[in-house]
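Here is a friendly note on the aromatic rings in this structure. Please keep the 3D view open as you go through the points.

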Amino acid sequence: QVHLVESGGGVVQTGDSLRLSCAASGRSFSSLAMGWFRQAPGEERDFLAAISWNGAYTDDANSIRGRFTISRNNAENTVYLQMNSLKPEDTAVYYCAAQWAPGRDWYAPADISEYQYWGQGTPVTVSP
């Protein structure tokens with residue numbers, strides 16, 4: 001079992017930056033592929049970014065490319081999402097997700113169904 005706790009969300013203005021964190025516990029963090037998703041009110045949960053267990057491979061969505069960056073610190077069991085140049089349309093609840101993937105160096109899925117473990121989410125509101 002993997003327990004994920006997101007933090008770092010809040011209310012910001014257009015153009016501001018935020019860094020979200022997701023702390024993992026329960027299984028070896030260095031064997032987990034990690035991803036970030038978001039869900040706006042009335043919308044489906046959308047993929048943002050993913051990172052392989054060793055950080056060697058990342059993938060991100062076109063909608064956030066160039067503004068958001070995923071990273072991880074295996075020594076701290078934490079994955080991050082740095083968000084810059086925030087826009088009102090970035091308003092959503094942001095979730096981190098994990099999938100057990102030992103030894104899969106290039107595994108960082110964008111498909112929501114690939115992830116077994118989810119955090120409770122952290123809300124982000126970007127005001128105009």
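1. Rings of Phe, Tyr and Trp (its six-membered ring) pair if their centres lie within 6.5 Å; planes under 30 degrees apart count as stacked, over 60 as edge-to-face and the rest as tilted. By that rule, the structure holds 5 aromatic pairs.

2. A word on the source: this is a predicted model, where local features need pLDDT of at least 70, side-chain atom pairs count only at pLDDT 80 or more, and totals for chains, interfaces and linings use all residues. Residues are numbered from 1 along each chain as its sequence is written, and side-chain values use heavy atoms, with hydrogens and water left out.

3. Look at Phe37 and Tyr115: their ring centres are 5.4 Å apart and their planes at 80 degrees, so this pair is edge-to-face. Phe37 lies in strand β4 (residues 32-39) and Tyr115 in the loop between β9 (92-100) and β10 (117-118), so the pair ties together parts 78 residues apart in sequence. Strands are DSSP runs (E, at least two residues), numbered from the N terminus. Both Phe37 and Tyr115 are buried (under 20% relative accessible area; exposed is over 50%, partly exposed in between, with a 1.4 Å probe and protein chains only).

4. Ring pairs also join Phe37, Phe47, Tyr115 and Trp118 into a cluster.

5. How exposed is Trp106? Trp106 is exposed, with a relative accessible area of 63%, while Tyr57 is partly exposed at 30%.

6. Finally, find Arg27 over the face of Trp100, 3.8 Å from the ring centre, and Arg72 over the face of Phe29, at 4.4 Å. A charge sits over a ring if NZ of Lys or CZ of Arg is within 6 Å of the ring centre and within 35 degrees of the ring normal.

Definitions and conventions: Helices (H or I, at least four residues) and strands (E, at least two) are DSSP runs, numbered from the N terminus.
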